[in-house]
Amino acid sequence: QVQLVESGGGLVQAGGSLRLSCAASGSRFSINVMGWYRQAPGKQRELVALVTSGGNTNYADSVKGRFTISRDNAKNTVYLQMNSLKPEDTAVYYCYVRASVVSGGTYDYWGQGTQVTVSS
């Protein structure tokens, strides 16, 4: 079992920056992919950014050039640096991890979500 703890959300003015963090903990697991999704009111959850264990990244077109995802493998932590924030970035941001467990199998895990609100 993998537990995820997120931090860093909040309220910011348009054009501002925020940094999200998500730390994974548990026992006997190996993380394959870490990333972030978001869900705005009345909309479906959507991908924001992913990073593999090898450092390959994938971003939604809407955040390219503004957001940067990174990870610290030693700390099992993923970060999302969000710059030039826009009101349309307002959403609950969810940490995502795909991990393999020693007992067998690969599973998806989600954080509890952190609110990001961008005022115009």
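User: Is tryptophan 110 buried, partly exposed or exposed?
Analyst: This is a predicted model, where local features need pLDDT of at least 70, side-chain atom pairs count only at pLDDT 80 or more, and totals for chains, interfaces and linings use all residues. Residues are numbered from 1 along each chain as its sequence is written, and side-chain values use heavy atoms, without hydrogens and water. Buried means under 20% relative accessible area, exposed over 50%, with partly exposed in between (1.4 Å probe, protein chains only). Tryptophan 110 has a relative accessible area of 37%, so the residue is partly exposed.

User: How many aromatic pairs does a search of the whole structure find?
Analyst: Rings of Phe, Tyr and Trp (its six-membered ring) pair if their centres lie within 6.5 Å. Planes under 30 degrees apart count as stacked, over 60 as edge-to-face and the rest as tilted. The search finds three.

User: Why is the pair of tyrosine 37 and tyrosine 96 called edge-to-face?
Analyst: The ring centres of tyrosine 37 and tyrosine 96 are 5.6 Å apart. Their planes stand at 70 degrees, so the pair is edge-to-face.

User: How many residues apart in sequence are the parts that this pair ties together?
Analyst: Strands (E, at least two residues) are DSSP runs, numbered from the N terminus. Tyrosine 37 lies in strand E4 and tyrosine 96 in strand E9, so the parts are apart by 59 residues.

User: Which residues form one aromatic cluster?
Analyst: Tyrosine 37 also pairs edge-to-face with tryptophan 110, at 5.1 Å centre to centre and 70 degrees between the planes. The cluster is Tyr37, Tyr96 and Trp110.

Definitions and conventions
Helix = DSSP H or I, 4+ residues; strand = E, 2+ residues; numbered from the N terminus.
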